[in-house]
Amino acid sequence: MGINEKRIALLGWSLQAIEAADKLNKPFVVVGPPDYQEFADKNDITFVPWKFERINEKSDELYRQLDSLNVKTAVPIYEETVEWAGALNARLMNDPRIFNRSLLLRDKGLMKRKAQMAGIRVGVFEEAYSKEDVHRFLKRVNEALIKIDGDLNDPIHVKPLNKAGAVGHRMITEAREIDEMEEQEFPCLMESHLDGQEFSCEAFIHDGKVQFLNITEYVQLGHSNFVPASPSLEEWRPMIKTEIEKLVDAFEIKYGVIHPEYFISADGKLHFGEVAARVPGGHIFELIEKAYGFSAFQAQILCSDPDTSEEELKAFFPEEVTSAIGYAASLMVYPKVNVIEKLNVPEKLKNDPYFEKHDMFIPVNSKVAERVGFGNHYGTIFFFGDDSERIRSLLKEYQEYDFYL
């Protein structure tokens with residue numbers, strides 16, 4: 001590293017992101033939990049120990065440490081580091097609005113309101129501060145749908161304001177389900193239910209322009225998805241890209257990756273769900289690499305760096321959809337038992353030509369952890385093949401299978 005060469009800071013510990021930065025031959029520093037200090041020292045990784053969950057009067061120290069290490073930009077890996085990246089980049093790039101924009105990507109209430117103000121189609125939503133607020137919202141939504149006594153309620157969704165993915169997500173149709181909520185779940189966001197096919201996009205942004213757009217098709221949220229999307233969903237790509245560009249403009253996103261989720265109805269109407277600005281879950285970055293042959297972790301780093309040239313980006317990204325060599329899929333496995341005694345992987349699965357690998361395991365503690373959202377699956381099965389419908393049927397079939405007994 002040259003004496004005046006600027007570094008990238010990776011916020012959050014991820015070996016895949018570290019390896020990606022190393023292969024790019026870009027100088028970098030990792031900011032992560034103190035537990036990784038020893039590993040970093042053994043592997044000559046420039047490391048700054050930091051507890052992201054602690055925000056106090058000493059938080060300014062992180063900026064000073066990174067500034068002394070000649071860091072020019074911070075790249076968020078996990079949801080909890082998005083706000084930190086915003087605060088750091090606001091100072092590193094001398095643009096205070098960067099921090100305010102990061103808040104839009106962390107607070108689901110602010111996020112929805114900003115999208116609505118920009119003319120982006122969203123469902124009905126409100127913040128809730130008590131169970132009474134949730135009871136009132138459920139009633140008002142169903143009154144607006146002209147429900148009468150005896151009709152089944154349309155569901156509402158209740159989510160934490162600032163958690164990643166489906167953590168803490170509840171779908172509520174009856175008053176008794178509201179009574180099961182805990183006080184620590186408030187405040188939260190309430191939303192009306194959106195019908196249609198759900199999918200996500202992974203848009204790599206540089207200088208406010210979409211450099212590469214992947215569409216990930218969800219077979220079941222939190223369980224299974226594949227890349228690229230099936231032809232029936234990909235036919236909506238022009239409209240989807242227009243909506244992504246509208247989102248980028250509305251949220252004034254200049255650099256990095258965004259991971260918005262949408263619903264598309266049978267008549268082609270697109271509803272915005274939410275958006276994140278970090279590595280997506282569901283092993284989507286790994287699926288992109290398998291299908292397209294480029295590292296999405298490297299893509300995030302290149303697009304987060306304002307100094308990356310247009311020529312570098314053109315050379316890095318392949319053609320969307322047409323350059324994919326097949327469909328890459330992941331199925332996240334959740335035990336259906338309370339105590340695991342053995343792993344049961346059928347020969348039929350292992351012999352299927354679309355089966356690639358799995359990383360399921362028998363845990364040291366055989367008692368299954370309490371499930372929170374979709375964040376604690378016990379391994380993943382990966383598929384790869386050239387027929388999206390075959391991929392979809394495999395994901396549905398094995399979602400119902402009991403791999404843990």
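The legends below describe close-up views of a predicted model.

**View 1. The largest nonpolar core and the residues that touch the most other members.** The largest nonpolar core holds 39 residues, and within this set Leu10, Phe204 and Phe317 touch the most other members. At least two residues of this core come from each of the strands β1 (7–11), β2 (28–32) and β16 (380–385), and likewise from each of the helices α1 (15–23), α11 (284–292), α12 (296–304) and α13 (310–316). A second, separate core comprises 33 residues, among them Phe125, Cys201, Val210 and Ile253.

**View 2. The surroundings of Phe204.** Phe204 is one of the three residues named for touching the most other members of the largest nonpolar core, together with Leu10 and Phe317. When residues up to four places away in sequence are not counted, Phe204 touches Lys209, Val210, Gln211 and Phe212, as well as Gly256 and Val257. The list of residues touched by Phe204 also includes Phe285, Ala296, Ala299, Gln300, Cys303 and Phe317.

**View 3. The second largest pocket and its lining.** The volume of the second largest pocket is about 450 Å³. Its lining consists of 25 residues, of which Asn89, Ile98, Ile253, Lys254 and Tyr255 are the closest to the centre of the pocket. The elements β4 (71–76), α4 (82–92), α5 (97–104), β12 (255–264) and α12 each contribute at least two residues to this lining. By residue class, the lining of the second largest pocket divides into 14 nonpolar, seven polar and four charged residues.

**View 4. Ser224 in strand β11.** Ser224 belongs to strand β11, which covers residues 224–227. The relative accessible area of Ser224 is 1%, and Ser224 therefore counts as buried, the cut-off being under 20%. With neighbours within four places in sequence left aside, Ser224 is in contact with Glu217, Tyr218 and Val219, with Ser330, Leu331 and Met332, and with Leu395 and Gln399.

**View 5. Gln37 in helix α2.** Gln37 is placed in helix α2, which covers residues 37–42. Because its relative accessibility is 24%, Gln37 counts as partly exposed. Leaving aside neighbours within four places in sequence, the residues in contact with Gln37 are Phe47 and Pro49. Between Gln37 and Ser230, which are 193 residues apart in sequence, the distance from C-alpha to C-alpha is 43 Å.

View 6. The peptide bond from Phe186 to Pro187 is cis, with omega near -5°, and Pro187 lies in the loop between α8 (175–179) and β8 (188–192). Val227 and Pro228 are likewise joined by a cis peptide bond, for which omega is about -15°. Pro228 is found in the loop that runs between β11 and α9 (231–234).

View 7. In Asn25, a residue other than glycine, phi has a positive value near 60°. Asn25 lies in the loop between α1 and β2, and its relative accessible area of 67% is why Asn25 counts as exposed. In Glu252, also a residue other than glycine, phi is positive and near 55°. Glu252 lies in the loop between α10 (237–250) and β12, and Glu252 is partly exposed, with a relative accessible area of 42%.

Terms used. Residues are numbered from 1 along each chain as its sequence is written. This is a predicted model: local features need pLDDT of at least 70, side-chain atom pairs count only at pLDDT 80 or more; totals for chains, interfaces and linings use all residues. Side-chain values use heavy atoms; hydrogens and water are left out. Helices (H or I, at least four residues) and strands (E, at least two) are DSSP runs, numbered from the N terminus. Buried means under 20% relative accessible area, exposed over 50%, partly exposed in between (1.4 Å probe, protein chains only). Contact means heavy atoms within 4.5 Å. A nonpolar core is a set of buried Ala, Val, Leu, Ile, Met, Phe, Trp, Tyr and Cys residues joined through side-chain atoms within 4.5 Å. On a 1 Å grid over the protein atoms alone, a cavity is a set of points where a 1.4 Å probe fits but cannot get out, and a pocket is an open set with protein on both sides within 12 Å along at least five of seven lines; lining residues have an atom within 4 Å of a point. Grid points are joined across faces, edges and corners, and a volume is the space filled by probe spheres set on the points. Ala, Val, Leu, Ile, Met, Phe, Trp, Tyr, Cys and Pro count as nonpolar, Asp, Glu, Lys and Arg as charged, and the others, Gly among them, as polar.
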